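Try each task on your own before you look at the solution.

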Amino acid sequence: MASAIRAENISKTYNPRSKNAVHALRGVGFEVQEGEIVGLIGPNGAGKSTLLRILLGFLSADDGGSVSILSHHPESLATRRQIGYQADTQFRSPTVRTSAFLELHALLAGSNNPEGEVTDVLRHFNLLNAAGRKLSALSKGMRQKIELAVAFVGSPKVVFLDEPTASLDPPSVFELREFLTHQKEKGTTVFFSSHNLTEVENVCDRVLFILDGALVAEHSLAGTPPGFLEESFRKHLVERKPS
Amino acid sequence: MNRALWKLFATEFRRLWTVAAFFVPIGLGVLTTIMLVPMALMQPVYDIARTAAQINLALVVPFSAALFCGGMISADVKEGWLRTLLIRPITRQQYLLIKLAAVFSSVFITILVAGVVPNIAVGVFVAKGVVRFEMGPTLIAHALFLLQALLIIGLLAVFSCWLPGIFNMVALAMWYIAAALIGSYLQSRFWSSEWLTLLRDFLFPSGFTSALEMILGKSGTPTSELAWGFAAMGFAFALAFWSITRIEVDKSSE
């Protein structure tokens, strides 16, 4: 199987010349194979969002590391044609309607049938009633679902999700789980950060633990008993963390 | 991809026209009418091209450009719009070009509503004296307003890559004040110094406005003024396109 995401020796220091320099990432390296669903777990401030942003090319890493997505540089147009991203912040516009927002993304992603694809993704996320509404008029949970829909329009090969279940109600979490299972069957690679251990355990093939900017462990979840992830979380992230 | 870029243009244009934005052309139109009516009542000759120059250069062009362009890039970074767009296969340069086109279209509409329509209406319905309308100078004057608007949009695009929205307005206002104060000081004290004149024209480019004065005053062909104007505009856009490649799409830390 080919590698979908490869990160080698990624470090990131915010305000490097200041006395208050923050070492957000320290020599992170891992690989995600095509078709895998991999979860990134860590407490608040562990470096999850920073890592996602570096993988997507939105933030520059310190010198010495490298990232490739489907064998291309993350900022290359070749990569951009094949990826989707759900951000942890939600775009709100008082003038743009949901359907227009999704259609724009479908067109930019190179879809030949943007209207049909938008209807499909809205149906999957149970958002058909929000199609004609302006983004600013939607609830937080609905906007979260719109961001998820944006990540999947254009049938991307690799999708990055940043806390995908953060604002979702339980029925929406079930919908997302079903949708991700469907995406896995289609061969889509998904890399997501989450606090929700149950979701990660239900959906992911593999999990990476991050603490204080460093990857501290990695586990395959195939055939693991229920509660395995919680136990691992305690072992790797709670007990290790200095009080 | 063309359809995608058209859709992006339409979306960017739509994003600019919030409910508050509709008050920009309406408010400026009311202001220009208030300015034009006394002129139309008191002046023996109401020259459409000259009044257009007065209201557009002093009021409509700078204000509409500032209100539509202020913080246009920094706001997109802050709201996450740039991040959501650049995940797609479009370049930063394409994004900026489309953004500038949407802003310029909005400024164009504002000039039409707040600068052209009141001027003609006041000339037709209110003016007591002779109304002078010469098609050639009027069209050239309006073309020069649009070029001046483009120059200001270019400058604001540069500011908005590096400064938050409100500071864009402050920077533009300071630039206007400095142009008026320092420019007139250099003009009055050092008018014979070629180097200082050159420096003044570089820091506060007034090529298009000088060209307009020459055309309306029928004092020759403004070749060098236009060249200065285009050079300044080119420089502003080059800086804007360089700046958009340098900014970080996501400045926040976790």
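**Exercise 1. Find out how many cavities the whole structure has and what lines the largest one.**

Step 1: A search of the whole structure finds three cavities of 30 Å³ or more. On a 1 Å grid over the protein atoms alone, a cavity is a set of points where a 1.4 Å probe fits but cannot get out, and lining residues have an atom within 4 Å of a point. Grid points are joined across faces, edges and corners, and a volume is the space filled by probe spheres set on the points.

Step 2: The largest cavity holds about 50 Å³ of space.

Step 3: Its lining draws on chain A with Ala87(A), Thr89(A), Gln90(A), Phe91(A) and Glu147(A), and on chain B with Glu79(B), Gly80(B), Arg83(B) and Thr84(B).

A word on the ground rules: this is a predicted model, in which local features need pLDDT of at least 70, side-chain atom pairs count only at pLDDT 80 or more, and totals for chains, interfaces and linings use all residues. Residues are numbered from 1 along each chain as its sequence is written, chains are lettered from A and ligands numbered from 1 in the order in which they are written, and side-chain values use heavy atoms, with hydrogens and water left out.

**Exercise 2. Describe the largest pocket and say which helix gives the largest share of its lining.**

Step 1: A pocket is an open set of grid points with protein on both sides within 12 Å along at least five of seven lines. About 480 Å³ of space lies in the largest one.

Step 2: Of the 19 lining residues, Ala179(B), Phe204(B), Pro205(B), Ser206(B) and Thr209(B) lie nearest the centre.

Step 3: At least two lining residues each come from H3, helix H7 (135-162), helix H8 (165-189) and helix H10 (207-216) of chain B. Helices (H or I, at least four residues) and strands (E, at least two) are DSSP runs, numbered from the N terminus. H8(B) gives the largest share, with seven residues.

**Exercise 3. Work out the strand order of the open six-stranded sheet in chain A and name the strands at its edges.**

Step 1: The order is S5-S6-S7-S3-S8-S9 (chain A), and the pairing is mixed. Two strands pair if DSSP finds at least two bridges between them.

Step 2: Strand S5 (83-86) and strand S9 (214-220) of chain A each have a single partner strand, so one side of each is left without a neighbour in the sheet.

Step 3: S5(A) runs parallel to strand S6 (residues 158-162) of chain A, joined by four bridges. In this pair, Gly84(A) stands opposite Val159(A).

**Exercise 4. Follow strand S8 of chain A: are its residues mostly buried or exposed, and which strands pair with S8(A)?**

Step 1: Six of the six residues of S8 (residues 206-211) are buried. Buried means under 20% relative accessible area, exposed over 50%, and partly exposed in between (1.4 Å probe, protein chains only).

Step 2: In a regular strand the side chains alternate between the two faces of the sheet. Here Arg206(A), Leu208(A) and Ile210(A) point one way, while Val207(A), Phe209(A) and Leu211(A) point the other way.

Step 3: Strand S3 (residues 37-41) of chain A pairs with S8(A) in the parallel sense over four bridges, and Leu40(A) stands opposite Leu208(A).

Step 4: S8(A) and S9(A) run antiparallel, with six bridges, and Phe209(A) stands opposite Ala217(A). These two strands form a hairpin with two residues between them, and Asp212(A) in the turn has a positive phi of about 50°.

**Exercise 5. Locate Ser93(A) and list its contacts beyond its neighbours in sequence.**

Step 1: Ser93(A) sits in the loop between S5 and helix H3 (98-108) of chain A.

Step 2: Ser93(A) counts as buried because its relative accessibility is 3%.

Step 3: Leaving aside neighbours within four places in sequence, Ser93(A) is in contact (heavy atoms within 4.5 Å) with Lys134(A), Leu135(A), Ser136(A) and Arg15(B). Ser93(A) and Lys134(A) are 41 residues apart in sequence, yet 7.0 Å apart in space, C-alpha to C-alpha.

**Exercise 6. Decide whether Asn126(A) is buried or exposed.**

Step 1: Asn126(A) lies in the loop between helix H4 (114-124) and helix H5 (140-152) of chain A.

Step 2: With 51% relative accessibility, Asn126(A) counts as exposed. Although Asn126(A) is not a glycine, its phi is positive, about 55°.
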